[in-house]
Each structure stands twice: as C-alpha cells, then as structure tokens.
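Subject: Structure for you, with notes

Hello,

Here is the structure I promised to pass on. My notes follow below it.

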Amino acid sequence: MDAIFSSIFSAEFVFSVLRVSTPLIFVSLAALVVRNGGVMCIAFEGMMLFSALGAVIGSAFAQNQIVGVLLGLIMGMAIAAIFAYFVLVLNSNGVLTGLALNILGSGGTVFMLYLISGDKGSSTALKSLMIPNINIPIIKNIPILGEIISGHNVLTYVALLTVVFVYLLINKTPLGLRIRSVGENPHAAESVGIKVVKTKFIALMIGGFIASLGGIYMSMGYLPFFTRDMMAGRGFMGIAAQNLGQGLTFPTFIAALLFGSAEALSNIMQSLRLPSELMQMVPYIFTLVGLMLVGGDKNKKASKKEAKNE
Amino acid sequence: MNNVKDEYILSMENITKIYGNGFMANKNVNLRVKKGEIHALIGENGAGKSTLMKVLFGQEQPEEGKIIYKGKEVKITNPLVALDHGIGMVHQHFMLAPSLTVAENMVLGIEPKNKGFFDYAEAVRLTSEVSKKYNLPIDPNAKVKDLPVGYKQRVEILKILLRGVDVLILDEPTAVLTPQETDELFVQLRELRKQGYTIIFISHKLKEVKSLCDNLTVLRNGRVTGIASVADLSEQDISRLMVGRDVSLTIEKDSPKTKKTVLKVRNLTYKNSDNKALVSNVSFSIREGEILGIAGVEGNGQREISALITGLEEKQSGDIYLFDEEISSQSIRKLREKGVSHISEDRMTFGTVADASVEENLISDRFYKKEFNKNGLLDAKKIADLSNKLIKEYLVKCDSKNAEIKTLSGGNIQKVVAAREFSANPKLIIANQPTRGIDVGASEFIRKKLISLRDKGSAVLLISADLTEVITVSDSLLVMNEGKIVAYFDDTNDLTEETVGEYMLGIKHQTAEEIGGCCYE
Amino acid sequence: MNKVIKIENQFRVIRVALSIAIALAIAFLIISFVSNDPLFTMYNFIIGPFTSINRIGNIIEVMTPLLFTAVGVCIMYSANQINMASEGAFFLGGVATAYIAVTYSIPAGLHPVVAILAGGIVGAFICGIPALMYVKFKALPVVSSLMINYVCLYLGLFIINYIIRDPEAGYMASYKFIKTAVLPDLFSRTNVHFGLIIGLAIVFIGYLYLMKSKWGYSIRMIGKNPNFAKYSGINVPAVIIGCQLLGGFIAGIGGAVEQLGMYTRFQYQKLPGHGFDGVMIAILARYNPKYVPLAAFFLAYIRVGADVMARTSDVPVEIVSIIQAVIIIFVASERFLEGWKLKKIVKSTKEAFVEEEDNAVKEA
C-alpha cells in the first residue's frame with residue numbers, strides 16, 4: 001500500500017497522468033465539437049486507429065515527422081468524412097455506421113499493416129519516427145512544477161492548446177455559434193439559411209482532425225510504433241468524458257484528466273506485481289461509473305424525424 | 001402599375017407537392033398576393049397550408065408549378081434563397097435555439113465579426129436597434145428559453161425584419177398566444193402593413209382573418225376552394241369554403257341517462273420542470289352515460305389532465321378516483337383492465353406505431369390476454385378475426401390488416417386508434433382531440449361512436465379545441481384557461497360558441513360556486 | 001396504397017442485395033490491387049470454401065457460434081437497444097463454462113448442460129448491465145456495453161491466468177476440459193459438433209419467441225415506438241431489461257457451446273469478435289431470427305473464403321472486416337437508393353390519382 005501511495009503522490013505520477021491523458025483529451029474534445037453539432041458519433045476509435053497507422057507509414061517512408069502527421073490526419077479525417085457522408089447525406093443510422101467504421105478500423109489497419117510490413121501485430125519492422133519531447137525553458141527548472149509540466153511530447157502541449165482552441169471555437173466564433181444552433185435546433189438554423197448538413201459536416205471534420213491528432217500521438221509519442229487495436233476503447237472513453245463534462249469544454253477536459261488518472265493508476269499498480277488483468281479493468285470500470293453519474297446524454301437526438309403531413 | 005401582373009408582388013402558380021409516403025399535400029394550388037396587403041391563407045388542419053408555405057420558403061420542393069416574385073420567376077431551393085429574395089417566415093414551432101441568447105438568435109446566419117471572432121456586442125447593438133425601430137421591445141441578453149411565448153414570437157419577427165425582408169409569412173401565429181398577446185400582435189402587424197410590408201397570415205380562425213386581413217385564399221384537401229376579398233365574404237361563407245358545408249354540426253342524440261359516478265378528479269395540480277403550474281386545482285366528476293367536454297385553446301392544461309388520468313404522467317398532488325378507488329399509483333395496464341380507454345391527442349407518438357401493421361396496432365392493449373394466446377404463442381387466427389372485424393366495423397380504409405400504419409391517411413389512422421380503444425369495453429373514455437386534423441367523414445364517424453358508447457353507459461371525457469364539436473357532442477361542459485377551470489355548464493343545449501369563447505379566452509370567469517357544480521360524489 | 005407497400009418491400013431486398021454486391025466489389029478491387037495473381041486469389045476466395053468436405057465443414061463450424069450471437073442481437077436490438085455486450089457475454093460465458101468443465105466432475109450428459117447454463121447465466125448478467133444503466137441512469141448502451149466488453153476480457157483473462165491456468169500448456173490456456181463436458185462431433189470428417197443442433201434450435205425458438213409470441217410483440221413495439229408501448233400498458237423498462245438479459249443468455253450459451261464443441265481447453269487471448277459478427281448478421285436478417293442461418297452462413301462462407309485465400313496468397317483475412325463494414329454501412333443507410341424508391345412511389349401515386357379522376361369522370 002505504501003508503495004502505491006508514494007507512487008501516486010509524486011511528480012512522476014502527475015507527469016504520467018498528463019502523458020496518459022493526452023489521447024483522451026484529444027478525443028473527448030473531438031466528441032465535444034461533434035456533440036455540439038448534434039451528431040452522435042462513435043467512430044472515433046476507427047479514426048484514431050487509421051490516423052495512428054497513417055502516422056507510422058508516413059513517417060517511416062518519408063523519414064519525416066511532418067509527413068507522418070499529415071498522412072495520419074488524412075487517414076483519420078477520411079474516416080470522419082465517410083461517417084459524415086453516410087450519416088448526414090444518406091441518413092444512415094449513426095450508431096451502426098460508427099460501429100462499422102470501428103470494425104473497419106480494427107481490421108483495415110491490420111490489413112494495411114500486413115501488406116506493408118508483413119506483420120499483423122505491430123509496426124516495429126517499419127522505421128517510423130517519433131515526435132520529440134520538449135523541455136520548456138525556465139519552467140523546467142522549477143522544482144516539482146517543472147517535473148510535471150516540462151519534458152512532455154509536443155502533442156501533449158498541442159492537446160492542452162486544443163482545449164483553449166475548442167473553447168474559443170465553440171463559444172467565441174460565428175462557426176461555433178452555428179454549430180451550437182445546428183445541434184440544438186436544426187430547423188431554426190435552416191430557417192435562417194444556415195446549411196445544416198454543411199455545418200455538421202464541418203463539425204465532424206474538425207472532430208476528425210482533433211481525434212486524429214490523438215491517434216497520431218498514440219503511435220508517434222505514447223508508443224514509438226503501431227500495434228493492432230492500440231486504442232483499446234479510448235475513443236469510447238472520450239465520448240464518456242464528454243458526457244461527464246456535459247458538452248462544456250473545461251469540464252470535459254477535467255473528465256478526460258480523471259479517466260487518464262485512472263489509467264495512470266492502473267499502470268502503476270500493474271508494475272507493483274498485482275494481477276495486471278485486474279488492474280487493466282480499472283479505467284473501464286471508472287468510465288462506467290462516470291457514465292452512471294451523469295446519466296448519459298441528456299441532449300435529445302437532434303435529427304428527430306419530421307412529421308411530414310403538416 | 002397598369003400591368004395587372006405588377007399588382008402582385010408574389011404569385012405561386014399550379015403548385016403540386018407529393019410527399020414520400022404518397023400523400024398529395026398540394027394539388028395545382030395558386031396563390032397571388034398583392035404588395036402591402038395582409039393576405040390570409042386559410043383552411044382546416046391538414047388542408048395543405050403549411051406545405052404550400054414550406055414550398056414558398058424553400059423547405060420543400062414542389063413536383064410541379066412555379067413561383068413568380070416581383071415579376072420574375074424564381075427557384076427557391078432553400079430558405080437562404082427565400083431570405084435573399086426578401087421572403088421571411090415565422091414558423092408555428094419557433095425556430096429558435098433555446099439555450100442561446102436573444103441577440104445570438106437574432107444574428108444567426110449573419111453574425112457580425114470582429115477579427116474573425118463573433119462580435120457579440122455588435123449583435124446586441126443590432127438587436128436593440130431593430131427592436132427600437134419597429135417598437136418591439138426585447139432584452140437582447142435574455143436566454144430564449146427564459147422568455148414567455150409572446151416574446152419568443154417577437155424575436156422571430158424581429159429576426160426576419162433584421163434580415164430586410166419584404167414579405168413575412170406567419171404560420172398560425174396566434175395558436176400559442178393569449179388573447180392579449182394576440183391583440184398586441186395584430187397591432188404590430190397593422191403597423192408593419194402601414195410601413196409597406198406584405199404579410200401572409202396562415203390561420204383557421206375566421207374571426208382573426210375577418211378583423212386583420214385584406215384578401216384570402218382558402219385551401220381544402222390540398223386544393224384551392226376560394227379566392228376573395230375578405231370584405232366580400234361572411235364568416236359563414238368562408239367556413240363553407242373551408243369544410244365544404246355549413247359548419248354547424250347537428251348530431252342526433254338523446255338526452256343523457258346518467259347513473260353512477262365513474263371518475264372523480266379532485267384538486268389536481270401539475271407543475272412542469274420550470275415549476276410552472278400547467279394544471280391548477282382542477283376538480284370534476286363524470287357519470288355513466290355522460291359526455292363531459294373540456295373546451296379551451298390548446299396548451300391550457302388539457303394534455304396534462306388526460307395524461308394524468310390515464311397514467312402517462314405521474315401525479316404530483318390531488319386525487320383521481322375511478323369508481324371510488326384512488327387509481328393514480330396504478331400501472332397503465334391495470335387502468336386499461338379496469339376499463340379506461342384513451343385517445344391521445346398525438347396519434348403518431350402515442351396512439352400508433354407507424355412502422356407496424358394495422359393488426360399490430362389494434363391489439364396493443366390486449367395481446368397478452370389468455371383469449372389471444374395459445375400454446376405459449378399468439379393465436380394468429382383469433383387476432384386476425386378480431387382485426388378483420390374491427391377494420392370492417394370501423395370502416396378503416398387499408399390494403400389489408402397487414403398494411404403498415406404509415407401508409408394510411410390521418411383519418412384512417414385515427415379510426416384504427418378508435419377501433420382499439422372503443423372495442424375494449426371501456427367504462428371511461430378519455431378522448432383528447434379525437435378528430436383533430438382528420439377528414440370530415442372520419443370525424444363524424446368518431447363523434448357518433450362516442451355518443452353510442454355513452455348511450456351504452458360509458459363515461460366520456462371529450463377534450464377538444466374545436467368549439468363546435470365540443471359543444472354539440474358533450475352533454476355538459478368545462479372550459480379551461482391557463483390550467484384552471486373557468487366555467488362549467490351542466491347543459492350544452494342552449495350554449496353558443498360566443499359564450500364559451502369568452503370564457504375560453506379569459507374574458508369572463510365563473511364564480512367558484514358555479515364551477516363547483518361539476519363535482520358530485 | 002398497395003403499390004407503396006410493394007415498392008417498400010422490393011426496396012428492402014434490393015438494398016441488402018446491392019449492399020452485399022458493393023462490398024464484394026470493393027473487396028475484389030482491393031484484391032486486384034494487392035494480389036500478384038488476382039484471378040487465382042479471387043477463385044480461392046469464392047470457390048475455395050466449397051472445394052473439400054473439410055472446408056464445407058469449416059463453414060458450418062464458423063457459422064455455429066454466430067447463430068447464437070445473432071439471435072441474441074435480434075432480440076436485444078428489436079427493443080432498439082444498441083447493446084454491444086454480447087461480445088463480452090460470449091467471451092465470459094465461455095470462461096464460465098470452461099471453469100465448470102475443468103473443475104467439477106459431473107456425469108456425462110449432465111455436465112455440458114450445467115456448463116452451458118453457467119455460460120448463459122453469466123452472459124445474461126453481462127448484457128443486463130447496459131440495459132439497467134440505460135433504464136436507471138440513461139447511460140448510452142453503446143458506450144457502456146463497449147466498456148463492459150473490456151472488463152469482461154480482462155476479468156476472463158484473470159480467471160484463466162490465475163485460477164484455471166494449465167502450467168503445462170506452454171501458453172496461457174486453461175486445463176483441458178474433462179471428457180464428460182465435451183460436446184460430440186456430428187460428422188466424422190469434420191469438426192461440426194452438436195452445438196449446431198443447439199444453435200438451430202435456438203434460431204427456431206428465437207423466431208417463435210420474437211415474431212410469434214406476446215413477449216416478442218412487446219419487444220418489437222417498444223423498439224418501434226416506446227411511447228406507444230407505454231401508452232398501451234406495456235411495462236417498458238421491465239421488457240427492455242428482460243430482453244437484454246435473454247439476448248445475453250443466448251450469447252453466453254453460444255460462448256459455452258463454442259468452447260465445448262470446438263476446443264479442448266480455453267485458449268482465447270482476446271475477444272473473438274463473434275458478438276460484433278452477430279450484429280452484422282442480425283442487421284442483414286433485419287432482426288428476424290428466421291433469416292439468421294442464411295446471413296450467418298454468408299458471413300461464415302466469406303470468412304472461410306478469406307482464410308483459404310490468405311493461406312494461398314498474400315491477401316490477409318482481415319479483408320473480411322472491410323466487407324463487413326461496407327455491408328453494415330450500406331444496409332444502415334436509409335437514403336441509399338431512396339431517390340429510386342421515391343420516384344417509384346410518386347409515379348404510382350400519380351397513376352392512382354389519374355385513375356381516381358378517371359373514375360370520377362366516368363361516374364359523372
């Protein structure tokens with residue numbers, strides 16, 4: 001027990017919380033943007049898997065991180081675009097479409113990985129690059145605070161900036177106002193000439209962009225390679241964090257950190273010779289409790305069908 | 001201005017609209033509107049008024065026909081195009097995002113910007129400016145969800161004025177307003193007409209049309225049945241054009257033979273989540289063989305009363321007795337087994353399943369009973385016999401018992417509901433807007449059925465916004481206004497619509513003693 | 001209006017057929033890109049599964065567990081609950097069965113029954129949780145059930161690793177099942193086992209239950225319009241929880257049967273994906289158990305075909321996921337082909353209208 005406590009109350013632990021939370025912050029913010037636009041999207045898992053693989057392929061073949069990031073973004077956002085096209089244009093059931101894209105993400109990435117590297121488990125055969133960690137001058141010399149805040153992966157800082165970005169986008173820009181209005185009352189938005197489908201499409205692409213950054217982080221920061229099914233449900237934890245944050249930016253960020261803490265804790269406990277299987281359950285149980293606390297999604301389904309005969 | 005065509009700012013020619021379910025909502029409709037007039041588009045529920053306006057506003061695309069606006073043919077493919085042309089619409093259901101502020105709603109779609117960010121201060125300024133210009137005061141910083149209905153509508157009107165429209169479409173704007181708010185609205189509309197705006201006023205209320213409008217177009221079953229100057233027609237004339245015959249209903253019925261008290265409602269109060277009392281302190285009784293009517297503008301607590309009695313809503317305070325037994329804690333199945341039948345005001349949400357067959361819709365209250373089950377499975381033959389019998393008896397026009405409900409017309413869907421509810425040997429029937437939006441034939445059929453059930457001893461609570469119906473069909477009548485009972489008449493025979501209307505609109509109010517007449521043991 | 005119904009029905013069949021065709025077309029396109037010898041590869045993919053008794057047997061073996069999860073999903077989804085926990089139910093049901101099969105010695109005949117029931121009960125419990133969370137807390141079933149799947153995975157692995165692990169197996173697996181617990185094979189040259197009979201029985205019972213009984217009626221009405229069900233007097237929360245329990249029970253039995261029929265010890269290291277497969281099959285079958293064997297056979301055929309193809313060429317079996325995803329996406333899209341449908345309906349309405357007018361003229 002002492003070992004656990006001394007692990008938790010250390011700068012290292014808080015550092016690892018930020019490290020582990022990074023993908024959750026990204027995906028929960030992505031879920032938030034999409035949710036504000038009134039779309040129920042569960043395809044983040046698939047988006048992130050594709051972006052993680054794309055990042056590895058891009059950086060390995062070009063030997064250039066930027067190409068890796070770009071290919072990751074393109075592949076992740078392609079999934080978002082497929083989702084958007086089917087759900088918004090062809091009126092598909094969003095949950096089933098999301099489910100299908102997650103199946104595609106799980107199988108399709110392994111398919112591509114095998115074709116490229118001849119391995120179905122991980123991309124270690126490919127010489128992919130990592131995104132560097134950076135030390136922040138001045139802050140890194142402050143005791144404790146420096147240990148916690150400095151020395152993270154670039155994308156971890158990007159995640160923190162994304163929190164501010166999403167807040168400004170949703171609350172302080174014309175686009176954000178439109179996204180919110182489309183999510184809350186699409187008929188109202190339509191009646192003043194806002195293109196509902198287009199706005200939702202944009203929200204989904206922004207969400208796809210942010211979620212893809214989370215995927216890229218997984219294979220270029222959190223780990224130095226891609227492994228099959230490496231998201232392990234993080235896409236869904238992000239949705240749960242967004243629910244817990246009730247669609248507001250900063251509460252969602254806090255919820256993502258909470259889930260990240262649970263995962264960091266589970267990582268520590270696994271290293272303490274406790275049965276790792278039981279410890280691996282912790283983040284998921286934590287998410288389930290979180291879902292019960294807020295009572296899921298209170299927003300009504302936006303795309304309520306119109307009664308057509310007047 | 002010599003050219004006749006120039007007289008009309010807008011004309012819709014030969015509009016035909018068919019919906020995806022095969023329903024023809026408009027058939028060769030013509031509408032011509034002069035500049036600077038208030039033009040009434042009038043017709044019963046389901047006559048095709050809203051569809052026509054959706055076509056004009058670009059929300060629906062017609063299969064045939066054209067729109068000529070300011071002398072030129074225009075293609076209105078979406079609301080943005082309509083707004084660009086200067087055509088704006090105030091919808092019956094407000095097109096507002098409730099959690100946004102008035103100013104945010106006002107500028108939606110034309111947001112003022114400052115360095116790429118949304119300039120909220122400018123939005124507030126614009127709102128105040130337009131609100132002053134048209135003398136329609138509003139608080140720009142209030143959240144829309146906190147505003148009373150009349151103010152929400154005001155936001156809607158300001159919203160389209162801000163966009164610089166010439167033609168305003170108002171879709172049944174008075175349906176949700178109190179009489180005072182209606183008067184206020186009319187003053188505003190006359191003022192706008194004076195300033196040169198053209199207004200299309202959709203309504204099915206004759207008095208409003210007479211007092212406000214210049215010309216009118218009447219629709220019935222998706223077709224135009226009359227175009228005239230309002231001054232040339234009496235209310236009777238207009239109503240004949242709307243329904244194709246005199247509206248004065250005559251229904252043959254004997255005087256009621258009342259017996260035991262079936263339902264007693266005492267001190268019923270119901271508040272919504274905003275703590276607003278939707279039903280306050282309502283008490284009444286109904287006896288066997290009696291139809292008690294509740295008249296009132298929709299949304300004055302009638303929906304809640306029927307939901308509370310039938311168990312769809314949980315009771316908060318007060319008592320509901322069925323044959324002297326307090327029933328409000330019982331399950332809906334128990335209530336139905338005790339003989340409570342319910343025609344919901346919303347037949348597509350509660351009354352039926354659109355994607356299920358007529359048969360499946362007919363058995364939903366009794367499918368579990370022994371008589372319809374055999375060897376652990378549903379008894380297909382007995383159920384088919386019942387369905388075919390009910391379809392025949394209630395004259396449901398459908399392909400077969402296996403036709404999906406959504407392929408039926410409104411009137412036939414309502415007949416399916418009535419067939420199920422009336423065939424359950426009801427002791428008490430709660431009929432909430434049983435004939436709303438359905439054709440004359442089906443309405444008459446349902447009314448007659450109600451009376452014959454009452455003659456067989458059922459107690460009926462008839463809730464209706466249709467004054468003619470509720471006065472003619474009921475034996476005694478309650479009038480509701482803002483969740484309260486404001487009048488009780490123990491005999492409807494000599495009652496006129498004018499009298500009831502005065503109570504319904506809150507102009508008159510009976511004393512507590514007079515109202516108390518509807519409570520007996 | 002008769003015509004409208006006909007068009008709607010036609011439209012449904014065509015949409016499913018076309019979705020499958022598009023998915024296969026995409027698969028062939030991918031094969032022709034990645035394979036060195038596309039024609040041979042496709043031949044193996046399409047014809048391969050039928051080239052030996054063994055392979056035909058494989059199709060049946062692969063199909064067997066899918067019958068269970070798909071019928072379970074038909075029942076659960078008919079109440080409009082997107083519950084993915086049948087995956088976890090299948091897995092943990094298998095673990096529970098393995099536990100009974102390695103620990104207790106029960107007389108033959110009774111042993112599999114007890115083991116399978118244990119799997120079913122565990123499965124019911126798993127799928128009941130998302131329903132309970134939905135009814136009590138309005139938590140989205142799709143999110144909660146996926147989290148539960150991970151919990152099931154790690155809990156199951158914990159049980160295998162710490163309680164019934166066979167140290168002599170050489171990898172993480174349970175002890176061998178006691179002989180009395182194992183389900184017998186049906187045919188000598190294949191591994192097709194008694195579970196197929198149980199599976200087909202479940203399909204039949206599931207069909208009667210869901211489409212012909214009062215319980216099934218309640219479930220379907222709730223799925224189509226819960227307000228109507230409540231108004232009609234159906235106890236909506238109770239039925240929702242009840243049918244998720246039942247769906248999970250069937251999925252759990254599936255996991256149990258798969259263990260006792262196909263394996264000698266529990267050796268899954270990850271979720272096998274049969275719960276997700278069940279979702280696809282149920283969607284293809286339009287939630288009617290009657291069509292489950294056909295849809296399950298189709299998926300099993302594709303899967304065995306991909307397997308044959310992977311062994312004889314350079315195209316990995318994961319192509320099946322791509323086919324699955326494409327099929328689900330197209331079948332789930334309402335407006336796919338709707339333009340075509342709408343045109344037909346409008347046309348037939350106009351015709352009917354003209355007819356009506358003609359008749360009116362004649363009468364006059």
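How many residues does the contact take from chain C and from chain A? It takes 39 residues from chain C and 40 residues from chain A. Two residues are in contact here if their C-beta atoms, placed from the backbone, lie within 7 Å.

First, the ground rules. This is a predicted model: local features need pLDDT of at least 70, side-chain atom pairs count only at pLDDT 80 or more, and totals for chains, interfaces and linings use all residues. Residues are numbered from 1 along each chain as its sequence is written, while chains are lettered from A and ligands numbered from 1 in the order in which they are written.

Interfaces

On the side of chain C that touches chain A, α5 (110-137), α6 (141-162), α11 (274-284) and α13 (319-331) of chain C each give two or more residues. The largest share, 14 residues, comes from α6(C). Helices (H or I, at least four residues) and strands (E, at least two) are DSSP runs, numbered from the N terminus. By class, this side of chain C has 30 nonpolar, five polar and four charged residues. Ala, Val, Leu, Ile, Met, Phe, Trp, Tyr, Cys and Pro count as nonpolar; Asp, Glu, Lys and Arg as charged; the others, Gly among them, as polar.

Chain A also touches chain B, with 20 residues of chain A in contact with 29 residues of chain B. From chain A, α8 (174-184) and α9 (186-191) each supply at least two residues to that side. It divides into seven nonpolar, seven polar and six charged residues.

Chain B

Chain B is divided into domain 1 (4-243) and domain 2 (261-518). The bounds come from an automatic or database domain assignment. The C-alpha centres of the two domains lie 33 Å apart.

One open sheet of four strands in chain B runs β2-β1-β4-β5, with antiparallel pairing. Strands pair if DSSP finds at least two bridges between them. β2 (24-34) and β5 (72-74) of chain B are at the edges with a single partner strand each, so one side of each has no neighbour in the sheet. The twist averages 25° from one strand to the next. Seven bridges join β1 (residues 8-18) of chain B to β2(B). Leu10(B) has Val33(B) as its bridge partner in β2(B).

Another open sheet of four strands has the order β14-β13-β16-β17 (chain B), also antiparallel. Its edge strands are β14 (277-287) and β17 (325-326) of chain B. Seven bridges join β13 (residues 261-271) of chain B to β14(B). The partner of Lys264(B) in β14(B) is Ser285(B). Helix α10 (residues 302-309) of chain B lies across β13, β14 and β16 (317-322) of chain B, at about 120° to β13(B). Axes are lines fitted to C-alpha atoms, for helices over the stretch in contact, and angles run from 0 to 180 degrees between N-to-C directions.

A buried threonine

Thr109(A) lies in helix α5 (residues 94-117) of chain A. Is Thr109(A) buried or exposed? Thr109(A) is buried, because 29 other C-beta atoms lie within 10 Å. The cut-offs are 20 or more for buried, 12 or fewer for exposed, and partly exposed in between, with C-beta atoms placed from the backbone. Leaving aside neighbours within four places in sequence, Thr109(A) contacts Leu49(A), Phe50(A), Leu53(A) and Arg228(A).

Best wishes
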